[in-house]
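Welcome! Let's walk through this structure together, one part at a time.

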Amino acid sequence: MDALPEGDALALAKLIRDGDVSAEELLEAAIRGVERINPQLNAIVGKLYEDARARVRQPPNNGPFAGVPFLIKDLLSDYAGAPISSGSRFLKDYIPSKDSDLVVRYKRSGLNIFGKTNTPEFGLTPFTEPALFGPARNPWNPACTPGGSSGGTGAAIAAGLVPMAGGGDGGGSIRIPASCNGLVGLKPTRGRTPTGPDRGDVWFGCAVELPLSRTVRDTAAVLDAVSGPEPGDPSQAPAPAQPYLQSLETPVRPLHIAVSGVPMLGDDMHADCLAGLTRTAELLESLGHTVVEDHPPLNKAAFVEAFIVLLVAETAADVRAYSRKLGRGPRRGELEPTTAALVRLSEVFTAEELALALRELQAQTRRYARWLQNYDVLLTPTLAEPPFRIGKYQPSGTDKLGIHALNRLPLAGIARRSGLIGKMAQDIFRFIPNTPVANVTGDPAISLPLHWTDDGLPVGMMFSGQFGDETTLLQLARQLEQAAPWSDRKPPVHVSA
């Protein structure tokens, strides 16, 4: 085999169990596919081939994905003995001594980890263009972004290199690449998946991890496999009434769904995104759901400002924490200029401002949650535009000069120039006006590939649900997958092409 057989992760696991193929054969097929296709996409930036080969020589476990080749994101998912760069030149040689709790669960489920996927520095951008590795590319059009920060993951799955791969989501970083690559991307409820063994939460509880996939049943099955609390978790999501995969056997009940084409945090919405929204709303009504136009009562400006304060604080804390582990701080040029500017900017924020920012986001969460009580689900476009040309959201010449100046100014000057970071954040929120809301509220949200542009680029639709209720989202997703199938679509860059 020059590539993995057709089918999702559960189908591949069944082939192994039935004796139709061995785990070793699947691994070598996956490696050959990566070696052939990855030079076009730059999706995989770390190889763990020998570890994976050693695993397939061991007796298989009884996990649901036993023997299925798998990739993890080069961020948050520590793999003992292998570098985890977080997309940063500062960390390119950092090697953790133990697996993260989620990686332990991946292995326990039988997934055979054989590589790591490309990510922006510290996962800070919704596109994947790190200076360390260079940009990841979209299989539907390699000139375009696969999104971020799980962009390498999204590109690898869409290209057929693996049926499922690890992702994380602090502002949309599972759902953004799901939209850009035509995949299923579920951000689970806060506390649903572990962040240990050392972290209680990430980005003040905004960030969670879960793989992206091509099928709803793979997403449900992997959520079953890796969810559940660990000792010391500060947040624990309520347990589902039954396993998520099993729940897909029950048809979704008729739902009361709010629909909004108004950007929650941005300014505009591309015509293709609105066309997809209209088409999806019509499909929902044809399936017996009630659709109502309505919009959450959020204060855009206050939300964005508070989220920036949180982001600045966590970025600076990440750099300080890794500096302690490495025994040194970042050398000149090891941090990308924008990341370095965020770290410097943290020095002019006070503890009081951080506390006030968190209170603002909590207040907006309360307001949003009361509004959502009127509905089962909120439907919006995942993003404000289809996949864009790589480099579009990199700082312009003027902004580059401003960032370099900010990095050289004394602290008082930084305070006066901090509006530059706000301007750049507003540019980013124009692309991701909807995804960060669920990160702040902690609610589950899923992006589904329900629309394509005339030139063949995927456009995701996002369904946001009630806290702790992934079941309803997955049941609805399964119904839509059956009504408007997407798994047969293949991009121009694909291992079977």
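Helix α11 passes helix α13 in a left-handed crossing. Keep in mind as you look that this is a predicted model. Two packed helices are described by the angle between their axes and the distance between the axes. Here, α11 (residues 337-345) and α13 (residues 397-408) pack at an angle of about 40 degrees, and their axes are 9 Å apart.

Strands of a sheet pair through backbone hydrogen bonds, either parallel or antiparallel. This open sheet has six strands in the order β6-β12-β13-β11-β9-β10, with mixed pairing. β6 (185-187) and β10 (290-293) are at the edges with a single partner strand each, so one side of each has no neighbour in the sheet. From one strand to the next, the twist averages 30 degrees.

Look next at β12 (residues 445-452) and β13 (residues 458-465), which pair in the antiparallel sense over seven bridges. In this pair, H451 stands opposite V459 in β13.

Helices accompany the sheet too. Helix α17 (residues 470-483) packs on it, touching β6, β9, β11, β12 and β13, and its direction makes about 15 degrees with that of β12. Helix α9 (residues 271-286) lies across β9, β10, β11, β12 and β13, running at about 55 degrees to β13.

Conventions:
Residues numbered from 1 in each chain as written. Predicted model: local features only at pLDDT ≥ 70, side-chain atom pairs only at ≥ 80, totals over all residues. Heavy atoms only, no water. Pairing = 2+ DSSP bridges. Helix = DSSP H or I, 4+ residues; strand = E, 2+ residues; numbered from the N terminus. Axes fitted to C-alpha atoms, helices over the stretch in contact; angles between N-to-C directions. Contact = heavy atoms within 4.5 Å. Left-handed = near helix turned anticlockwise from the far one by under 90°.
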